[in-house]
Amino acid sequence: MLCYGLRTDFQAELFPGSAALLGIADALIELKAVCECGRKSSMNLRVDEQGNAVKAGAQTEIGGNDRYVALCRKHFMEKMG
Ligand SMILES: [Zn+2]
């Protein structure tokens with residue numbers, strides 16, 4: 001069986017489904033995304049309409065690609081303050 005999805009939410013917390021899948025996975029294949037600085041991005045920053053970091057809210061929020069930015073850990077932590 002093959003599953004695909006995000007590992008963590010905009011607060012760097014595992015999704016319950018991701019946690020369960022990681023627990024039983026035989027192999028994990030990371031798809032590479034790139035941060036604005038060129039490093040590998042591993043975090044998903046949620047942003048508002050003005051592009052400011054959203055630090056609290058529901059774990060899932062359906063929106064377009066303009067509501068999330070893929071960042072490396074360093075830049076995610078900077079934006080989350
Ligand atoms: Zn970066």
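Mentor: Of the 81 residues in the protein, 25% are buried, where buried means under 20% relative accessible area, exposed over 50% and partly exposed in between, for a 1.4 Å probe and protein chains only. The model is predicted, so local features need pLDDT of at least 70 and side-chain atom pairs pLDDT 80 or more, while totals for chains, interfaces and linings use all residues. Residues are numbered from 1 along each chain as its sequence is written, and side-chain values use heavy atoms, with hydrogens and water left out.

The protein has two helices and four strands, taken as DSSP runs (H or I, at least four residues, for helices; E, at least two, for strands) and numbered from the N terminus. Their order from that terminus is α-β-β-β-β-α. Along the principal axes, the C-alpha atoms fill a box of roughly 40 × 30 × 20 Å.

The largest pocket has a volume of about 1,300 Å³. The volume is the space filled by probe spheres set on the points.

Your question concerned how the lining divides: 21 of its residues are nonpolar, 12 polar and seven charged. Asp, Glu, Lys and Arg count as charged, Ala, Val, Leu, Ile, Met, Phe, Trp, Tyr, Cys and Pro as nonpolar, and the others as polar. Helix α1 (16-24) and the strands β3 (43-46) and β4 (68-71) each supply at least two lining residues. The most comes from α1, with five residues.

In helix α1 lies serine 18, which counts as buried because its relative accessibility is 11%. A polar atom of the serine 18 side chain lies 2.6 Å from the backbone oxygen of leucine 6; a polar contact is a pair of N or O atoms within 3.5 Å, one able to donate a hydrogen and the other to accept it. Leucine 22 is also in helix α1, but its 34% relative accessibility makes leucine 22 partly exposed. Between the C-alpha atoms of leucine 22 and asparagine 65 there are 25 Å in space and 43 residues in sequence.

Strand β3 holds asparagine 44, which is buried because its relative accessibility is 16%. A polar atom of the asparagine 44 side chain lies 3.3 Å from the backbone oxygen of threonine 8. Beyond that strand, aspartate 66 sits in the loop between β3 and β4. At 59% relative accessibility, aspartate 66 is exposed, and its C-alpha atom is 16 Å from that of valine 34, 32 residues away along the chain.

How values were computed:
1 Å grid on protein atoms, 1.4 Å probe; cavity = no way out; pocket = protein on both sides within 12 Å on 5 of 7 lines; lining within 4 Å.
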